[in-house]
Amino acid sequence: MRILIVEDDFGSRVLMKKLLAGYGSCDVVVDGEEALSSFKMAWEEKAPYNLIMMDIMLPEMDGQEALQQIRAYEKEIGLSDVDRVKVIMTTALGDPKNVVTAYNKGEASSYIVKPVEIAQLKQEMSKLGFEEQ
């Protein structure tokens, strides 16, 4: 399984990589532009990501915009809804507007409010069909 972690905070990147290492191979980028570029490159190399953990508050392009562009790219290459990448949005902001935007506009698979707790992450991973290896 391939995982893309999109996080601008160093401590959060280290924590997410540690928490997700048992699920598969993790790549890390620091903003939405890098996320979109990495996502497209993975498809071009025929090694797409199975999961993206994306922070909402990012420099350059925020996580909401990056997710919308990822979904547009998936439509462009003809992916069905079943074959799309699973995306868990993370943020320190638990306000309803961010949650609604993540689910409705970006079609996020899940949403976790920081700080990310191990039990909550494992529960969300299980709901999405991912188990530790």
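Me: Which residues is Thr90 in contact with, leaving aside its neighbours within four places in sequence?

Reply: This is a predicted model, in which local features need pLDDT of at least 70 and side-chain atom pairs count only at pLDDT 80 or more, while totals for chains, interfaces and linings use all residues. Residues are numbered from 1 along each chain as its sequence is written, and side-chain values use heavy atoms, with hydrogens and water left out. Contact means heavy atoms within 4.5 Å, and by that rule Thr90 is in contact with Glu7, Met53, Met54, Asp55, Ile56, Ile112, Lys114 and Val116.

Me: Why is Thr90 called buried?

Reply: A residue is buried under 20% relative accessible area, exposed over 50% and partly exposed in between, with a 1.4 Å probe and protein chains only. Thr90 has 4% relative accessibility, and therefore counts as buried. Thr90 has its place in strand E4, where five of the six residues are buried.

Me: Why are E2 and E5 said to stand at the edges?

Reply: The open sheet has five strands in the order E2-E1-E3-E4-E5, with parallel pairing. Strand E2 (25-29) and strand E5 (110-113) each have a single partner strand, so one side of each is left without a neighbour in the sheet. On average, neighbouring strands of this sheet are turned by 20° against each other, direction ignored.

Me: How do you know that the buried residues of H1 line one face of the helix?

Reply: The buried residues of H1 are Ser12, Arg13, Met16, Leu19 and Leu20. Seen down the axis of H1, they fall within an arc of 135°, taken from the directions from the helix axis to the C-beta atoms, so they line one face. These residues pack against E1, E2, E3 and H5, whereas Phe10 and Lys18, on the other side of H1, are exposed.

Me: Ser12 has a relative accessible area of 19%; why does it count as buried or exposed at that value?

Reply: With 19%, Ser12 falls under the limit of 20%, and is therefore buried.

Me: Why is the pair of Phe39 and Tyr73 called edge-to-face?

Reply: Rings of Phe, Tyr and Trp (its six-membered ring) pair if their centres lie within 6.5 Å, and planes under 30 degrees apart count as stacked, over 60 as edge-to-face and the rest as tilted. By this rule the count comes to one aromatic pair. Phe39 and Tyr73 have 6.1 Å centre to centre and 80° between the planes, so the pair is edge-to-face. Phe39 lies in helix H2 and Tyr73 in helix H3 (residues 63-76), so the pair ties together parts that are 34 residues apart in sequence. Phe39 is buried, with a relative accessible area of 0%, and Tyr73 is buried at 11%.

Me: Why is Trp43 called partly exposed?

Reply: Trp43, in helix H2 (residues 32-44), has 25% relative accessibility and therefore counts as partly exposed. Not counting residues up to four places away in sequence, Trp43 touches Pro48, Tyr73, Ile77 and Leu79.

Me: What makes Lys46 exposed?

Reply: Lys46 has a relative accessible area of 73% and is therefore exposed; its place is in the loop between H2 and E3, and its phi is near 60°, a positive value in a residue other than glycine.

Technical notes: Helices (H or I, at least four residues) and strands (E, at least two) are DSSP runs, numbered from the N terminus. Two strands pair if DSSP finds at least two bridges between them. Axes are lines fitted to C-alpha atoms, for helices over the stretch in contact, and angles run from 0 to 180 degrees between N-to-C directions.
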